[in-house]
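The structure is shown first.

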Amino acid sequence: MRKLPFLMAVVALVSIAALACAGEAETPAPQIIEVEKIVTVEVITEREVVREVPVEREVVREVEVERIVEVEKVVTVEVVQEVEVVMEKIVTVEVEKVVEVEKILIATPTPPPAGEPRFGGTLRITSQGSISQLDPVYTAFYVTNAVSSHIFETLFGWNTNLEAQPRMVKSWDVSSDGLVYNFTLRDGQTFHNGRTVQSVDIIASVNRWRDAGSPGAGVIRKFSEDDWLTAVDDSTMRATLTEPLGALVFILGLPHFGSFMMPESQASTSFSEPVPELIGSGAYKFSLWEPGNQVALDRFADYVPRNEPGNGYVGASIAYFDRLIWLEIPDEETKVAGLQTGEWDVVDSAAFDFLKRLQDDPELQVGLYKPGMRSNIYLNPQIPPFSYLEARQALQTGISVEDFMYALGDSDVWIVCAALYYCGTPLAVDDGERFDVETSAGTRTIGYNIQDMETAQLLLNDSDYAGETTVILNPTDYGTITPLGLVLQPVMREIGFIVEMPAYDWATVTSMFGNTDSYGLATDWYSHWCCGTPVQDHLISGTLDFIIKDEELLNLQLSFVREPDAAARLDIVREINRQRFQKVTSLSLGQFFPITPATIDLKNFNISALPFYTNTWFERD
């Protein structure tokens, strides 16, 4: 399946000579064509007449022998003799052939050995959902970052073990008191507009990100002044902190909510507006965006990779493909069918309903990413009903986490997990997820996955909820999010909420997040690589308007960053867990393991965070 057609053609001698200028390369095994002796038989009668009729025929053949193509020019001269006799007789006419051989060297492309990287081709990916923006600082949604992380780079990056390593930085040092860092850029880095990457670009880019309010940036703001980053020279920056922050390098390497570098001319744009041009320094450069249809990136010919082997987002990032294309295909069945017929090559997080079908296809590779993602429902604290604590507790108490997760797929792709920082990780602490509250009907136990509809209805009645209609933002085109709304709407109505759920695609949903007067809650997920530690956790940093802001939780986040002792950090995580479920900062559901099926021809494709397509290639004939 999906084999490129083998092109066969008869090439004229003049075309072959034109190819003679190409470089030498290996050729397939030769094919030898035998030329048979041509014999014609004619019956001649009556008078003897002798005529010689010269006939020239030119036959051009290609015979490939090792690295040389032999072109045999065959000139055949036929001599026909007509002999008149008294009696009828058979005259045999034999064709003599004269062969002139001319040897021409022709370069023919030779595939590298199996397993070796190959340049060329176009990789086609179906996006998880519709794409509303490509500036990863202006908006931090996954579908944006999945594309823009190939355009823009960060000072540091994460390897496959989620450890921070240098990326744009050549070297760095830190003072003995932990307050001053010096960062020196590696040589040979240019932006896609041809400008050399300099300190002024880095400072403008980092400060734009710092002001934008992502969780990691929020931590840095707490540990620095506004002029914390200065230029030493064109390739060296100095960062000065107000107190030690051992997580600084880790934060500067975040693959999501990260500090992506761009020219000063673009980074001077306010973080509240998208940049006018998408100019980065990554291995791929922006080429085309047709909103609602596709985004295309082309290989950046002037990119200079690092010397170390590629590992996740760090090391040598080599663009083997000529072009990357993300396609917006809203229907999940169409996505999978197109992958199986070769219309595209990767489906970014296919719906779980198709797992068995994908696994049974020998032409596909399918992996589960663990520890994965956590399904989540944001509760907007700006307007009723979720400006009321009792209403938030009512919703948390009435739902069944299993119902939401089964809506995504079979239980082999998800787990119920009360550890906010993910089961299967060093911070897997699930203490404090249940607690008692006083209601008008006495003490009731509430918390994670209680599934107590009676108590949920009681809590809502005890709140100040006055029957206001609340809108659920739930996309119609996102395989790992869309099913959540279908479970959420009826259970909310059973608890007593009045709800509406308009049919919006993901691009529309994300464009509405900032308008907190227009909706009450929104379905979504967050990932381990995004929010898997308190350092990154936007659900406690309160940096977004649709996140409940809580000073006590923010202080716990900063305590975690400052605390050097591992056991003490776990105690802080335990307290965060307890407060998050008690205050219901969001509806944290189960933990699921995304599937990203791809053609088996795609090599070196490993997902340690977001899918990253540098260092991948096709192994095809």
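In helix α3 (residues 199-212), 11 of the 14 residues are buried, so α3 is largely enclosed by the rest of the structure. Here buried means under 20% relative accessible area, with exposed over 50% and partly exposed in between (1.4 Å probe, protein chains only). Helices (H or I, at least four residues) and strands (E, at least two) are DSSP runs, numbered from the N terminus.

The model is predicted: local features need pLDDT of at least 70, side-chain atom pairs count only at pLDDT 80 or more, and totals for chains, interfaces and linings use all residues. Residues are numbered from 1 along each chain as its sequence is written, and side-chain values use heavy atoms, leaving out hydrogens and water.

Among the buried residues of α3 are Ile202, Ile203, Val206 and Trp209, together with Asp201, Arg208 and Arg210. The buried residues of α3 pack against elements including β9 (180-185), α4 (215-222) and β10 (229-233), where contact means heavy atoms within 4.5 Å. Glycine 213, with a positive phi near 95 degrees, follows α3.

Strand β21 (residues 469-473) has 4 of its 5 residues buried, so β21 is also largely enclosed by the rest of the structure. Its pairings are tabulated below; two strands pair if DSSP finds at least two bridges between them.

| Partner of β21 | Sense | Bridges | Bridge partners |
|---|---|---|---|
| β22 (residues 498-500) | parallel | 3 bridges | threonine 470 and valine 499 |
| β23 (residues 521-527) | parallel | 2 bridges | leucine 473 and alanine 522 |
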